Amino acid sequence: MIKRQDLPARVLFGLGIYDLIRGVMHTLLLRWSGIHVAGFDPSSTPVDQFFMLGAFGISNLLTGCLFLLISRRAPELSVWILGIIPATYLVGLLGIRSSGVYGTLTYGGQYLMYVYFTICIGTLAIALRSRIQNRRG
(Lines give C-alpha, C1' and ligand atoms only; values in the text may rest on other atoms or scores of the structure.)
Protein backbone atom coordinates (compact mmCIF):
# COMPACT_ATOMS: atom_id res chain seq x y z
CA MET A 1 0.00 0.00 0.00
CA ILE A 2 1.21 3.50 -0.82
CA LYS A 3 1.75 5.76 2.17
CA ARG A 4 0.11 9.15 1.79
CA GLN A 5 3.43 10.95 2.16
CA ASP A 6 4.82 8.86 -0.75
CA LEU A 7 1.86 9.59 -3.03
CA PRO A 8 3.06 12.94 -4.50
CA ALA A 9 6.49 11.50 -5.39
CA ARG A 10 4.96 8.44 -7.04
CA VAL A 11 2.47 10.54 -8.98
CA LEU A 12 5.25 12.91 -10.07
CA PHE A 13 7.29 9.89 -11.20
CA GLY A 14 4.32 8.75 -13.32
CA LEU A 15 3.92 12.24 -14.78
CA GLY A 16 7.63 12.21 -15.58
CA ILE A 17 7.23 8.99 -17.57
CA TYR A 18 4.20 10.49 -19.30
CA ASP A 19 6.12 13.68 -20.16
CA LEU A 20 8.94 11.60 -21.63
CA ILE A 21 6.40 9.79 -23.82
CA ARG A 22 4.93 13.14 -24.87
CA GLY A 23 8.43 14.43 -25.60
CA VAL A 24 9.21 11.45 -27.82
CA MET A 25 5.91 11.83 -29.64
CA HIS A 26 6.43 15.58 -30.13
CA THR A 27 10.02 15.25 -31.33
CA LEU A 28 11.04 11.80 -32.60
CA LEU A 29 7.54 10.95 -33.88
CA LEU A 30 6.72 14.56 -34.78
CA ARG A 31 5.10 14.16 -38.18
CA TRP A 32 3.10 11.06 -37.16
CA SER A 33 1.89 12.73 -33.94
CA GLY A 34 1.05 15.96 -35.72
CA ILE A 35 -1.14 14.11 -38.20
CA HIS A 36 -2.65 11.35 -36.05
CA VAL A 37 -2.91 12.99 -32.61
CA ALA A 38 -3.03 16.74 -33.22
CA GLY A 39 -5.05 16.28 -36.42
CA PHE A 40 -2.81 18.33 -38.70
CA ASP A 41 -3.46 18.13 -42.43
CA PRO A 42 0.06 17.93 -43.85
CA SER A 43 -1.02 19.53 -47.12
CA SER A 44 -2.31 22.70 -45.44
CA THR A 45 -0.53 22.89 -42.06
CA PRO A 46 2.40 25.32 -42.17
CA VAL A 47 5.77 23.74 -41.43
CA ASP A 48 6.16 26.24 -38.55
CA GLN A 49 3.22 24.55 -36.82
CA PHE A 50 5.06 21.23 -36.93
CA PHE A 51 8.22 23.00 -35.74
CA MET A 52 6.40 24.51 -32.74
CA LEU A 53 4.99 21.08 -31.85
CA GLY A 54 8.55 19.73 -31.90
CA ALA A 55 9.88 22.64 -29.86
CA PHE A 56 7.23 21.98 -27.23
CA GLY A 57 8.36 18.34 -27.19
CA ILE A 58 11.83 19.43 -26.14
CA SER A 59 10.38 20.97 -22.98
CA ASN A 60 8.42 17.73 -22.38
CA LEU A 61 11.68 15.78 -22.47
CA LEU A 62 13.20 18.25 -20.01
CA THR A 63 10.27 18.23 -17.58
CA GLY A 64 10.03 14.45 -17.79
CA CYS A 65 13.66 14.05 -16.76
CA LEU A 66 13.30 16.67 -14.00
CA PHE A 67 10.14 15.06 -12.62
CA LEU A 68 11.86 11.67 -12.45
CA LEU A 69 14.89 13.19 -10.75
CA ILE A 70 12.88 15.18 -8.21
CA SER A 71 10.59 12.26 -7.39
CA ARG A 72 13.61 10.06 -6.61
CA ARG A 73 16.23 12.42 -5.19
CA ALA A 74 14.06 15.08 -3.50
CA PRO A 75 10.62 13.49 -3.02
CA GLU A 76 9.63 16.11 -0.43
CA LEU A 77 9.54 18.66 -3.27
CA SER A 78 7.07 16.60 -5.31
CA VAL A 79 3.97 18.10 -3.71
CA TRP A 80 5.24 21.59 -4.58
CA ILE A 81 5.92 20.59 -8.18
CA LEU A 82 2.38 19.17 -8.48
CA GLY A 83 1.08 22.63 -7.54
CA ILE A 84 3.51 24.48 -9.80
CA ILE A 85 2.54 22.49 -12.91
CA PRO A 86 -1.10 23.65 -13.28
CA ALA A 87 -0.25 27.12 -11.93
CA THR A 88 2.40 27.56 -14.64
CA TYR A 89 0.05 26.45 -17.39
CA LEU A 90 -2.62 28.83 -16.06
CA VAL A 91 -0.19 31.77 -16.07
CA GLY A 92 0.92 30.82 -19.58
CA LEU A 93 -2.66 30.60 -20.82
CA LEU A 94 -3.49 33.98 -19.28
CA GLY A 95 -0.39 35.47 -20.93
CA ILE A 96 -1.36 34.07 -24.31
CA ARG A 97 -4.93 35.32 -24.01
CA SER A 98 -3.83 38.73 -22.75
CA SER A 99 -1.92 39.03 -26.03
CA GLY A 100 -5.17 38.59 -27.91
CA VAL A 101 -4.40 35.06 -29.12
CA TYR A 102 -7.21 32.54 -28.83
CA GLY A 103 -6.94 28.99 -30.10
CA THR A 104 -9.84 27.75 -32.19
CA LEU A 105 -8.64 24.27 -33.15
CA THR A 106 -9.21 21.12 -31.14
CA TYR A 107 -6.13 18.97 -30.71
CA GLY A 108 -6.40 15.35 -29.60
CA GLY A 109 -3.80 15.79 -26.88
CA GLN A 110 -5.71 18.52 -25.07
CA TYR A 111 -8.07 16.02 -23.46
CA LEU A 112 -5.16 14.06 -22.02
CA MET A 113 -3.91 17.33 -20.53
CA TYR A 114 -7.20 17.76 -18.69
CA VAL A 115 -6.55 14.39 -17.06
CA TYR A 116 -2.95 15.44 -16.38
CA PHE A 117 -4.08 18.59 -14.57
CA THR A 118 -6.79 16.71 -12.67
CA ILE A 119 -4.17 14.24 -11.43
CA CYS A 120 -1.91 17.10 -10.31
CA ILE A 121 -4.66 19.00 -8.51
CA GLY A 122 -6.25 15.88 -7.01
CA THR A 123 -2.94 14.57 -5.65
CA LEU A 124 -2.08 18.02 -4.31
CA ALA A 125 -5.46 18.19 -2.54
CA ILE A 126 -4.99 14.73 -1.00
CA ALA A 127 -1.46 15.59 0.17
CA LEU A 128 -2.48 18.94 1.67
CA ARG A 129 -5.47 17.39 3.41
CA SER A 130 -3.23 14.69 4.85
CA ARG A 131 -0.77 17.31 6.13
CA ILE A 132 -3.56 19.29 7.79
CA GLN A 133 -4.91 16.15 9.44
CA ASN A 134 -1.44 15.19 10.68
CA ARG A 135 -0.95 18.61 12.27
CA ARG A 136 -4.28 18.39 14.08
CA GLY A 137 -3.95 14.92 15.18
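Analyst: Let's begin with the largest pocket: α1 (7-27), α2 (30-36), α3 (47-73), α4 (78-98) and α5 (109-136) each give at least two residues to its lining. Helices here are DSSP runs of H or I with at least four residues, and strands are E runs of at least two, numbered from the N terminus. The model is predicted, so local features need pLDDT of at least 70 and side-chain atom pairs count only at 80 or more, while totals for chains, interfaces and linings use all residues. Residues are numbered from 1 along each chain as its sequence is written, and side-chain values use heavy atoms, without hydrogens or water.

User: How many helices and strands does the protein have?

Analyst: There are five helices and zero strands, giving the order α-α-α-α-α along the sequence. The C-alpha atoms fill a box of roughly 60 × 30 × 20 Å along the principal axes.

User: What lines the largest pocket?

Analyst: On a 1 Å grid over the protein atoms alone, a pocket is an open set of points where a 1.4 Å probe fits, with protein on both sides within 12 Å along at least five of seven lines; lining residues have an atom within 4 Å of a point. Here 34 residues form the lining, and Phe56, Tyr89, Tyr107, Gln110 and Met113 lie nearest the centre. By class, 23 are nonpolar, nine polar and two charged. Ala, Val, Leu, Ile, Met, Phe, Trp, Tyr, Cys and Pro count as nonpolar, Asp, Glu, Lys and Arg as charged, and the others, including Gly, as polar.

User: Which residues line the second largest pocket?

Analyst: Among them are Asp19, Phe56, Asn60, Tyr89 and Tyr116. Helices α3 and α4 each supply at least two residues of that lining, which splits into seven nonpolar, four polar and one charged.

User: How many aromatic pairs are there?

Analyst: Rings of Phe, Tyr and Trp (its six-membered ring) pair if their centres lie within 6.5 Å; planes under 30 degrees apart are stacked, over 60 edge-to-face, and the rest tilted. This structure has five pairs. Tyr18 and Tyr116 have ring centres 5.8 Å apart and planes at 40°, so they are tilted. Because Tyr18 sits in helix α1 and Tyr116 in helix α5, their pair ties together parts 98 residues apart in sequence. Ring pairs also join Tyr18, Tyr89, Tyr116 and Phe117 into a cluster.

User: Are Tyr18 and Tyr116 buried or partly exposed?

Analyst: Buried means under 20% relative accessible area, exposed over 50%, and partly exposed in between (1.4 Å probe, protein chains only). Tyr18, at 24%, is partly exposed, whereas Tyr116 is buried at 3%. Phe40 and Phe50 form another pair: their ring centres are 5.0 Å apart with planes at 85°, so it is edge-to-face. Phe40 lies in the loop between α2 and α3 and Phe50 in helix α3, 10 residues apart. Both Phe40 and Phe50 are buried.

User: What does Arg22 contact?

Analyst: A salt bridge is a side-chain nitrogen of Lys or Arg within 4 Å of a carboxyl oxygen of Asp or Glu. The structure holds one, where Arg22 meets Asp19 at 2.8 Å, N to O. The two lie three residues apart in helix α1, about one turn, and both Arg22 and Asp19 are buried. The charged end of Arg22 also sits over the ring of Tyr116, 5.5 Å from its centre. For that, NZ of Lys or CZ of Arg must be within 6 Å of the ring centre and within 35 degrees of the ring normal.
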